[in-house]
Amino acid sequence: MATLKQLRAEAAGCTRCDLYKCGTQTVFGEGTARARVMFVGEQPGDQEDLQGRPFVGPAGRLLDKALAVAGIDRRDVYVTNVVKHFKWEPRGKRRLHQKPNAREIAACRPWLDAELSVVKPDIVVCLGSTAAQALLGRSFRVTKLRGRPVPSPLAPKVLATVHPSSVLRAPDDETRERETAAFVRDIVTVARLLRELEAGGEAARE
Ligand code: URA
């Protein structure tokens, strides 16, 4: 089986869909192959596209903050996206994020499947409905099922929460604070599930 390093090198030249013409570079997942938790977002944003690393912009900072509150070290997680090129359209001087379509998501899927089979995480966390619907089915509703593990062959525990960018887009401070707290709670749930899996594994070894 290929290593993450080999997959990353291969993905750097990916032309499976036209998004390679749009983004600066492929933004492959990042983290150790021994990570127990894999976070899956939608696609790299502006900062990620420029730096070539996932979740390093404002959404990544919110994810880092939630991980810190939950006591999860970012170095122990693997962070990636369902689509690995930034899709955008010009709006004045800005590059405005565009949602990837089903064809682009499907074209990119082999990379995510390869990451999953190398890392074999205990927990997969879908960030936002694009990732959740790509991995858990088109009818999945994050608003209804956020923070709750759902049955999936992807990993022993699979759950979804909102995308941190949606929290940052909240229309006012009060909503943003409430949404931040709810997002942090979902990541705290991930930490609890990790501890439970750990305790279960230890019990099985005794
Ligand atoms: N949003 C995502 O979905 N992924 C990133 O890497 C950054 C922002």
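This report looks at the ligand site and the aromatic pairs of a predicted model.

## The ligand's place

The ligand sits in the largest pocket. Which residues are around the ligand? They are G41, E42, Q43, P44, G45, E48, P54, F55, N81 and H163. This shell divides into 3 nonpolar, 5 polar and 2 charged residues.

A polar backbone atom of E42 is 2.8 Å from a ligand oxygen. A polar backbone atom of Q43 is 2.9 Å from a ligand nitrogen.

A side chain also takes part. In H163, a polar side-chain atom lies 2.6 Å from an oxygen atom of the ligand. How much of the ligand does the protein bury? Taken alone, the ligand exposes 240 Å², and the protein buries 94% of that.

## Aromatic pairs

The whole structure holds 2 aromatic pairs. One of them joins F28 and W111. Their ring centres are 6.3 Å apart. Their planes meet at 85°, and planes over 60 degrees apart count as edge-to-face, so this pair is edge-to-face.

Where do the two residues lie? F28 is in the loop between α1 (4-11) and β1 (37-41). W111 is in helix α4 (residues 102-119). The pair therefore ties together parts that are 83 residues apart in sequence.

Terms used:
Residues are numbered from 1 along each chain as its sequence is written. This is a predicted model: local features need pLDDT of at least 70, side-chain atom pairs count only at pLDDT 80 or more; totals for chains, interfaces and linings use all residues. Side-chain values use heavy atoms; hydrogens and water are left out. A residue is near a molecule or strand if one of its heavy atoms lies within 4 Å of it. A polar contact is a pair of N or O atoms within 3.5 Å; within protein, one must be able to donate a hydrogen and the other to accept it, and residues adjacent in sequence count only if both atoms are side-chain atoms. Accessible areas come from the Shrake-Rupley method with a 1.4 Å probe; for residues, only the protein chains shown count as cover. On a 1 Å grid over the protein atoms alone, a cavity is a set of points where a 1.4 Å probe fits but cannot get out, and a pocket is an open set with protein on both sides within 12 Å along at least five of seven lines; lining residues have an atom within 4 Å of a point. A molecule sits in a cavity or pocket if more than half of its atoms lie within 2 Å of its grid points. Ala, Val, Leu, Ile, Met, Phe, Trp, Tyr, Cys and Pro count as nonpolar, Asp, Glu, Lys and Arg as charged, and the others, Gly among them, as polar. Rings of Phe, Tyr and Trp (its six-membered ring) pair if their centres lie within 6.5 Å; planes under 30 degrees apart count as stacked, over 60 as edge-to-face and the rest as tilted. Helices (H or I, at least four residues) and strands (E, at least two) are DSSP runs, numbered from the N terminus.
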